[in-house]
Amino acid sequence: MGTTTPPRTLAEALRARGDESLAGLLRARPDLLNPVPNDITQLATRAGTRASVVRALEHLDRFALQTAEALAVAPDPAPYGTLLSLLTGDGLDDGEQRDDAGAAITTALPGALATLREQALVWGEDDRLRLVRTARELLAPSPQHPSPTGLGPTVAEATAGMSPGRLQEILAATGLSATHDPVSAVAALSSLFTDRTRMAELLDTAPVEALSVLDRLVWGPPYGEVTPNPTPPVKWLRDRGLLLPVSTRTVVLPREAALHLRAGRAHRVPEPVPPAVAAAAERDPQAVDRAAAGQAFTALATVEELLKLWNGGGPAILRAGGLSVRELKRTANALDVTEPIAAFWIELAYGAGLLASDGETDERYAPTPASDEWLDLPAEDRWTHLATAWLAATRTPGLVGGQDAKGRALSALGPELDRSAAPDVRRRVLALFAELPPGTAPDAETLLRRLRWERPLRGGPAASVTGQGPAPTEGTDLRSRLALWTLNEAELLGITGRGALSAQARALLAEGEKAAAARLAPLLPEPLDHVLLQADLTAVAPGPLERPLADMLSVLADVESKGGATVYRFTPGSVRRALDAGQAATDLHAFLAAHSRTPVPQPLSYLIDDVARRHGHLRIGAAAAYVRCDDEAVLNEILADRRSTGLRLRRLAPTVLASQADPGSLLEALRDMGYAPAAESAEGDVLITRAGARRTPPRTPPVPVPEGPPVPDDTLLGAAVRAIRAGDTAATAVRKEPADAPSSNAPSGALPRTTPAETLATVQAAAMTGSTVWIGYVNADGAASQRVIAPVRVEGGFVTAYDHTADEVRTYPLHRITGVAELAEDGKG
């Protein structure tokens, strides 16, 4: 679908593309599809808007961007050879030292140029390459926005507004002949600066100090400040136009002179080849998988502990949203981790849909119903659920503790933690891991260098936010910081082990969750159904416990230490907790005997019996609150104890004391005094207190914040290309003017105007002959459009036709057709 003449505009270049090429453009720049352009001209206009061009430039790699930057300082249009020389240089400055770099640039340039063409940033044949105007404005040098190349304005741009007399003085100082007008004077000076031989002869006469000044400006920035009475070297340069005035105190090195000093290179260090990711260490792949599986098991245990910690209702939500610093510290202490790592686990559980706000008046965080389903899954499936949620999440725990653009603190679960680039960075980092041999840990610095090469313009204002914890150094761009956070989080989650990508993570990235779960399952320890009871009132769990056993043991004993084995300690308080939950002493003895591989130690049996004997001897109910006991001596002892003064107790009967404290406070106070009271109901029955499971209403996980429009699928791309082609057919169709029609001054693209009778006659004739006509149509909302239709049937005041613009059969009321015209012979089809 090519043209015989070179395109004159971007629209013509796009019109000459094939459907696959247009689909590639829309896939690379999905913002152009929102909404679908009416025709090629509108597509070209939208592709040249500032916001769209900036987004496209941000997704270029470094060499493609350097190619665009070189085109921005090249003549417009520029032949391919000129572009190549701007990237490779003319080779006259350092002999053969740049041969390898030149060969790499020569090899890589066609690919970079193809990328720019595909994204409609460059158009035209190789002999007339043009950068789209908006991209040129963004990348070309200006005092307000210096070029990344470090080049300044051309001689013509820098001398705009300079007096003709001053131009003639510069020509005289450089030994050039005088001219009759400023245009020819500028041309003569530009010719001198671009002539290698004459320019070298001019610089040979320069003072050494003047050459030093040029050396400081040559690679940018090209602007320098001067005094009203400049030094002799600066005056020498200014008199010969090697420094041109920008203002009374500022001079600039012209682009042509700088390119001569650079040996024709636009960039100091072109980077045509992506930096290689170096290996930091080589490890046994099996050891990596085992280490990652161990950390995956720790991750599951930590998230389970977090859910259990907030099971009865978690911390309150701040008015501005999120978790307070105090609650974060409390959660970190309970999980026995640092605050930044606690923020990661909290955000991970939230992103996986396991935690959410309960929506109550006193809004708190609590586990969701989905957390109960998650807990019932096999361990390997629970891990893949967490890992998949982490990969897709845009929430960034590394920012917690930093500040936003307004100086406000960023809190865990707060509303300002979304960074749309996070999923892309995570997947790209892990993809670079996957390119290395199994067991290879990459070097972090070379990995960051590779990411910066792939997206040199990414970062932006958000990169200035500084976080706590395992964060990179201050001042690095957001993409680099996201990459470093990814390295730490992947290790915590068990994606990597000992710095290398695990086999289960490779399966997750390449094959999906089922394959990853199958790889991980054999590496996880099997849950145990027993513990080892010891005489010092402790129980040792030599591995993960089955859930019923773990749940009961967490009520009966307190966790004393964690690690490869978990140590539980039995205390009077923990045994009383089990009794409060409705267990009897005989139940506890039977439970321990059934699940211990060692005999139940006598001290533990004595402890259970002793607590059970005293448990419930005192009964507490609601009056404001009362204490009831059949043993008057116990009540006398309580009244005589100084610690009970704050309870304001008084005797109502020999076996009953009343208190002004509430039952809960009274219960806790008497327990602190060493008693084992039990709460009772209004009927006098003992109240069984189980840990109440607080759940939120059904909640969906937080939706990731997308980075721009989503990438369209093939079906949408095909439909969009057909619609654009059809609209372009209508927009560019050439209509046939009637022979007896007077010449019209109507503007191009105006709706056709015919009488109702002429309209009816023309569409009827087209339906009979099967020809195509051009109509103007106004819909029910009053919106006017032009359409190319092939009428099939005309009856009842309606015309049924195949609409080339919409690529479908439609029916139009005749009274809404403003006019109709036949198409010229070359406009058909």
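Reply: Strands (E, at least two residues) and helices (H or I, at least four) are DSSP runs numbered from the N terminus, and two strands pair if DSSP finds at least two bridges between them. The model is predicted, with local features needing pLDDT of at least 70 and side-chain atom pairs counting only at pLDDT 80 or more, while totals for chains, interfaces and linings use all residues. Residues are numbered from 1 along each chain as its sequence is written, and side-chain values use heavy atoms, leaving out hydrogens and water.

Me: Through how many residues does a hairpin join E18 to E19?
Reply: Strand E18 (residues 650–653) pairs with strand E19 (residues 656–659) in the antiparallel sense over three bridges. Within this pairing, Arg651 has Leu657 of E19 as its bridge partner. The hairpin that joins E18 to E19 runs through two residues.

Me: Is H26 parallel or oblique to H28?
Reply: Helix H26 (residues 547–556) packs against helix H28 (residues 585–595) with axes 12 Å apart and at an angle of about 130°, where axes are lines fitted to C-alpha atoms over the stretch in contact and angles run from 0 to 180 degrees between N-to-C directions. Angles under 35 degrees count as roughly parallel, over 145 as roughly antiparallel, 65 to 115 as roughly perpendicular and the rest as oblique. H26 is therefore, relative to H28, oblique.

Me: Is Gly573 buried, partly exposed or exposed?
Reply: Gly573 lies in helix H27 (residues 572–580). Buried means under 20% relative accessible area, exposed over 50% and partly exposed in between, using a 1.4 Å probe and protein chains only. Because its relative accessibility is 28%, Gly573 counts as partly exposed.
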